[in-house]
Amino acid sequence: MHPPDSAARIPRFTRTERITHWVNAALFTVAMTTGAMFRFGIGQSLFSDRALLRGIHVYTGLGIVVAFLIAVIPRWGRALRRDATRINRWTPDEIRWLKSFGRARGARLGKFNPGQKLNAAFVPAAAIVLAASGAIMFWNQPFSTNLRSGADFVHQCFAWLIWITVAGHILLALQDRESLRGMTGGTVSTKWARDHRPAWYDEVTSANPSEAEPVDA
Amino acid sequence: MSSRDRKTSRAFAYGRRPYAGPVAHEPGTPIGRRLFLGLLGLGAVGIATGSSISNALARLAKNDPTGLSAILPGGGGWRYYQVNGYPERSTAAYRLSVGGLVETPITLSWNDLLAMPSVKVTRDFQCVTGWRVLDVKWQGVLLRDVLDRAGVKPEGRAIQFTSFDGAYTESLTMKQARRDDVIVAYQLDGKNISTDHGGPVRLVVLPMYGYKNTKWLETIKVTDEVIPGYWEQRGYEVDAWVGASNGRNDAPT
């Protein structure tokens with residue numbers, strides 16, 4: 001299906017995965033922007049309807065969690081679930097690579113490098129923590145002032161972390177255009193896969209690729 | 001996953017194992033899951049204990065000359081709370097009515113308030129949920145002066161405030177209401193009070209937590225006893241002195 005000649009491209013992300021990624025990206029952009037507008041009073045003259053702004057922030061935030069569940073749980077989420085198991089498991093080579101901040105020679109990386117794995121573990125956890133703490137802030141009546149205060153604090157901490165993480169994610173993606181192409185067009189060059197993700201390259205070329213790498217139906 | 005499972009999955013080299021269904025077993029340590037669950041735990045612990053961490057940080061921030069700490073978690077800055085939306089009212093349309101146990105019920109317009117003797121006070125604003133805004137400048141009319149204009153009857157021992165949001169109410173005893181730091185405010189930091197902040201006119205009870213500071217103030221009703229306000233019916237203390245109520249130890253404002 002994909003002979004390992006240099007012109008061939010290797011499927012990396014299915015359509016479902018790419019749609020999920022870009023829907024998430026759009027929702028995060030809205031939630032993060034409106035959140036910063038709230039916290040720092042930015043753009044209040046442009047957007048004076050605070051109740052609407054607040055509604056957009058709250059429901060976009062919850063939408064992130066809901067959209068992700070819709071992407072993962074049904075049949076079409078097979079490739080995502082498969083990648084989640086990859087993100088979960090770290091080989092000794094990957095741990096070595098992370099400890100050397102990517103300079104370890106000869107570390108044979110799988111489909112995701114350890115930085116991508118950290119990102120992919122952090123972002124969904126942060127989304128859940130932000131949604132939970134945000135819900136306490138928004139539907140605050142049943143909660144004690146201590147919990148509301150704690151939720152406010154946690155929401156701010158994770159908001160800062162998610163801003164830093166997303167900024168880093170975008171900067172790194174722009175520095176590796178071939179990797180970015182995997183998330184826009186869905187495929188990467190054979191050369192890139194062999195050079196940057198050798199363990200994954202072996203996996204998709206030596207096994208039956210339709211099994212190692214689910215493709216769009 | 002049990003250690004036996006892990007051993008089994010390690011036995012297969014990358015790409016050489018049979019397809020194991022939609023959730024395949026990858027080789028390696030489940031660091032992703034540990035990180036994910038660890039972060040959820042951290043979030044939960046943070047929600048439970050963040051209040052005291054945030055208070056400690058706020059006390060440190062009080063001595064921060066740069067003001068940079070205000071943007072950090074636990075730092076200052078307004079949170080715009082409401083219980084029934086952010087109602088808009090222009091200064092031209094604004095009316096404040098004073099009634100209940102008074103000699104003459106009165107209605108004051110924006111211009112009536114501006115024509116009265118004004119006071120300016122600078123004080124920290126402390127919310128019962130933990131955030132504090134340093135050195136807020138208020139300008140307005142002493143509540144005492146507004147009350148005296150209507151003339152409180154001898155049996156008037158407390159006040160009920162209502163908001164034109166249609167839901168919020170608050171209360172003060174007559175003794176609290178006559179203090180020098182209880183103000184019917186129309187300016188905040190040198191500008192008319194915006195809708196978010198409870199404008200055009202809001203109550204400011206400087207020595208008490210934010211929820212005593214009725215936003216979008218519409219009526220002042222003198223009563224014979226304290227009628228607990230919106231949050232007070234939901235467990236907050238009626239006498240809301242900063243640092244001496246609601247189980248909190250904030251520095252007094």
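The legends below describe several close-up views of a predicted model.

Residues are numbered from 1 along each chain as its sequence is written, chains are lettered from A, and ligands are numbered from 1 in the order in which they are written. Because the model is predicted, local features need pLDDT of at least 70 and side-chain atom pairs count only at pLDDT 80 or more, while totals for chains, interfaces and linings use all residues.

**View 1. Overview of the elements of chains A and B**. Chain A has 10 helices and 3 strands; helices (H or I, at least four residues) and strands (E, at least two) are DSSP runs, numbered from the N terminus. Read from the N terminus, the order of elements in chain A is β-α-α-α-β-α-α-α-α-β-α-α-α. Chain B has 5 helices and 11 strands. Of the 217 residues of chain A, 35% count as buried, and of the 253 residues of chain B, 38% do. A residue is buried if 20 or more other C-beta atoms lie within 10 Å of its own, exposed if 12 or fewer, and partly exposed in between, with C-beta atoms placed from the backbone. Two residues are in contact if their C-beta atoms, placed from the backbone, lie within 7 Å. Among contacts in chain A with a separation of 6 or more, 66% are between residues 24 or more positions apart. In chain B, 63% of the contacts between residues at least 6 apart in sequence join residues at least 24 apart.

**View 2. Helices H1 and H2 of chain A**. H1(A) (residues 15-40) and H2(A) (residues 50-72) pack at an angle of about 160°, with their axes 9 Å apart. Axes are lines fitted to C-alpha atoms, for helices over the stretch in contact, and angles run from 0 to 180 degrees between N-to-C directions. H1(A) and H2(A) are therefore roughly antiparallel. Angles under 35 degrees count as roughly parallel, over 145 as roughly antiparallel, 65 to 115 as roughly perpendicular and the rest as oblique. The two helices cross in a left-handed way; a crossing is left-handed if the near helix is turned anticlockwise from the far one by less than a right angle, and right-handed if clockwise. Residues of H1(A) in this contact include A:Val23, A:Leu27 and A:Ala31, and those of H2(A) include A:Ile56, A:Thr60 and A:Ile64. The contact of H1(A) with H2(A) consists of 13 nonpolar, 9 polar and no charged residues. Ala, Val, Leu, Ile, Met, Phe, Trp, Tyr, Cys and Pro count as nonpolar, Asp, Glu, Lys and Arg as charged, and the others, Gly among them, as polar.

**View 3. Helices H1 and H6 of chain A**. The axes of H1(A) and H6(A) come within 11 Å and cross at roughly 130°, so the two helices are oblique to each other. The crossing of H1(A) past H6(A) is left-handed. A:Phe28, A:Met32 and A:Gly35 of H1(A) meet A:Ala159, A:Ile162, A:Trp163 and A:Val166 of H6(A). By class, this contact has 6 nonpolar, 1 polar and no charged residues.

**View 4. The side of chain A that touches chain B**. In this view 47 residues of chain A are in contact with 42 residues of chain B. H6(A) gives the most to the chain A side, with 14 residues. That side has 23 nonpolar, 11 polar and 13 charged residues.

**View 5. Helix H5 of chain A beside helix H2 of chain B**. H5(A) and H2(B) (residues 31-61) pack at an angle of about 25°, with their axes 9 Å apart, which makes them roughly parallel. Their crossing is right-handed. Among the residues in the contact are A:Ala125 and A:Val129 of H5(A), and B:Leu39 and B:Gly43 of H2(B). The contact has 14 nonpolar, 3 polar and 1 charged residues.

**View 6. The largest nonpolar core**. This core has 45 residues, and B:Leu143, B:Ile183, B:Val184, B:Ala185 and B:Val201 have the most contacts inside it. A nonpolar core is a set of buried Ala, Val, Leu, Ile, Met, Phe, Trp, Tyr and Cys residues joined through C-beta atoms within 7 Å. Strand S8(B) gives the most to this core, with 6 residues. Leaving out residues up to four places away in sequence, B:Ile183 touches several residues, including B:Val119, B:Trp138 and B:Val204.

**View 7. The surroundings of A:Lys111**. A:Lys111 lies in the loop between helix H4 (92-99) and helix H5 (114-138) of chain A. A:Lys111 counts as buried because it has 24 C-beta neighbours inside 10 Å. Not counting residues up to four places away in sequence, A:Lys111 touches A:Asp83, A:Arg86, A:Arg197 and A:Trp200.
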